[in-house]
Amino acid sequence: MLVLVIAASATGYFFRAMGLLETNIAIVYLLAVLLTARFTDGYVFGILASLLAAFFFNFLFVDPIYTFSVYAHRYVITFIIMTIAALVTSTLTTHAKQNAIDAREKEAGTKILYTLTNHLTEAEDIHDIARIATRAISKMLNSSVGCLWLDPNGKPEQIFSQQVSPQKQIRREIPDVDALLHRIEGLKTDYDIGPEFYDWPIYGRETTLGIIRVANETAKVMNESQTRMLHAMIESTALAMDRFRATQQRIEFNEEIARERFRGNLLRSISHDLRTPLAGIIGTSEMLLNMTAKDDLRYPLMAGIHKDANWLHSLVENILSLTRLQDGKLVLNKQEEAAEEVVGAAIRHISRYYPEYEIAVNVPDELLLVPMDAKLIRQVLINLLDNAVKHTSLQDEICVSVTKDAEKNCAVFSVRDSGEGITDSELPNIFQMFYTSRVKHSDAQPGIGLGLPICDAVVKAHGGSITAHNRVDGPGVELIFTLPLEVVDHESI
């Protein structure tokens with residue numbers, strides 16, 4: 001600035017020696033102001049150059065020279081106009097230059113984002129996304145940046161990637177992962193300040209996906225433009241991570257659907273193929289039992305065959321019911337049925353295969369009509385009773401009861417056994433497919449965990465609910481399911 005003002009003054013002396021007017025000298029000073037604004041940052045030097053040019057012009061070239069006094073009024077006007085013109089031109093030049101700088105920064109930022117987005121679309125996995133983001137952000141900040149990714153459960157990896165040079169990334173271990181996660185979860189600002197890094201979370205649609213780690217010395221001097229660009233790059237990284245995880249979940253979901261379909265088809269085919277030979281085995285073994293004396297040594301062998309064949313037949317029926325439920329092909333044929341008749345039919349079925357067990361029954365004195373598909377509800381009761389028999393010794397009690405809940409307008413069915421009970425950890429899982437209790441009575445019969453899930457599906461299809469809990473009045477489990485009662489106005493029919 002000083003060099004330009006002094007050079008303008010020297011040029012002014014040269015112009016005056018040539019006899020040129022003071023207006024030419026004023027133009028030279030204006031040129032010095034413009035050049036100052038062009039080659040300096042901000043507005044300060046341009047405005048200061050404007051004031052210095054006006055004062056130098058007055059001091060060196062306006063009579064009386066070497067003073068700040070002015071004899072001619074026209075010079076006062078010239079001095080004011082020159083000062084205003086210098087200030088305006090300096091401000092406009094500085095503003096134009098700043099706009100050009102901002103435009104270049106935006107162009108560079110757009111280019112970086114475009115490049116980052118293109119590379120992210122080609123990423124093969126979540127680790128590749130982290131590496132690409134680390135490299136791009138490090139290049140933008142001209143610093144060593146790290147990236148830590150979180151697994152689908154929100155747990156940070158023990159290792160994170162850090163860019164240490166344009167061509168090299170290293171993997172570093174995090175001393176205390178839990179402490180870092182705790183700081184990020186309770187974060188109320190854009191970033192967390194740690195001993196080595198400013199940690200910027202990468203937020204997805206539902207969870208935190210990762211963390212961008214910027215070195216403290218770089219983060220402290222980041223300007224507004226860099227901060228804005230960092231936010232944009234983090235958002236692009238989050239979108240890529242979200243997209244990758246969504247794709248992975250969709251692939252896993254489709255694979256699970258395919259597995260379930262293949263498994264259902266296999267179960268259906270096997271079950272259909274087993275029904276015919278099982279029916280023959282059951283009929284033949286029952287006929288042989290009737291033809292053999294009970295004290296015959298062959299009688300227990302045939303009884304075992306008959307019992308196991310019945311168990312297999314029950315399993316096949318459950319599998320077929322399961323496949324129909326999963327395929328949505330199980331149609332309810334709801335009619336008003338007497339609850340005690342359905343319970344009686346289920347007990348008669350169980351008694352055929354387990355005649356040594358005694359089952360207590362409690363039903364209302366008055367007739368209780370319940371809208372239901374009698375065949376399906378009978379199967380529900382058979383499954384519950386079969387489950388009770390498997391976990392109850394011969395001398396222990398099994399009880400079936402039916403009551404009417406007038407307040408909730410539903411029928412309540414209960415099956416209680418006196419077995420070993422279910423642990424608290426297993427209770428929430430017993431209605432899951434293929435889940436069986438890990439704790440079994442020594443005399444418990446085998447099972448594959450289909451009976452209760454089928455009961456759950458059938459009861460819910462009727463608009464009811466089913467629950468299980470350990471008995472409070474003694475050992476054993478109580479399973480309760482409800483069926484809604486539809487009130488019919490017979491007078492309107």
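Biologist: Which residue is the bridge partner of C147 in β2?

Modeller: In this predicted model, C147 has S161 as its bridge partner in β2, and the two strands involved, β1 (residues 145-149) and β2 (residues 159-165), pair in the antiparallel sense over 2 bridges.

Biologist: And is C147 buried or exposed?

Modeller: C147 counts as buried, because its relative accessibility is 0% and the cut-off for buried is under 20%.

Biologist: What is the strand order in the open sheet of 6 strands?

Modeller: The order is β3-β2-β1-β6-β5-β4, with antiparallel pairing, and the edge strands, each pairing on one side only, are β3 (168-173) and β4 (192-193).

Biologist: Which strands does helix α6 lie across?

Modeller: Helix α6 (residues 177-185) lies across β1, β4, β5 and β6, and runs at about 65° to β5. Helix α8 (residues 224-291) also packs on the sheet, where it touches β5 and β6, and its direction makes about 45° with that of β5.

Biologist: What about β8 and β10, in which sense do they pair?

Modeller: Strand β8 (residues 359-362) pairs with β10 (residues 398-405) in the parallel sense over 4 bridges, and A360 stands opposite C399 in β10.

Biologist: How many disulfides are there in the whole structure?

Modeller: A search of the whole structure finds 0 disulfides. Another cysteine, C410, is buried, with a relative accessible area of 8%.

Conventions:
Residues numbered from 1 in each chain as written. Predicted model: local features only at pLDDT ≥ 70, side-chain atom pairs only at ≥ 80, totals over all residues. Heavy atoms only, no water. Pairing = 2+ DSSP bridges. Disulfide = S-S within 2.5 Å. Buried < 20%, exposed > 50% of the residue type's maximum accessible area, 1.4 Å probe, protein only. Contact = heavy atoms within 4.5 Å. Axes fitted to C-alpha atoms, helices over the stretch in contact; angles between N-to-C directions.
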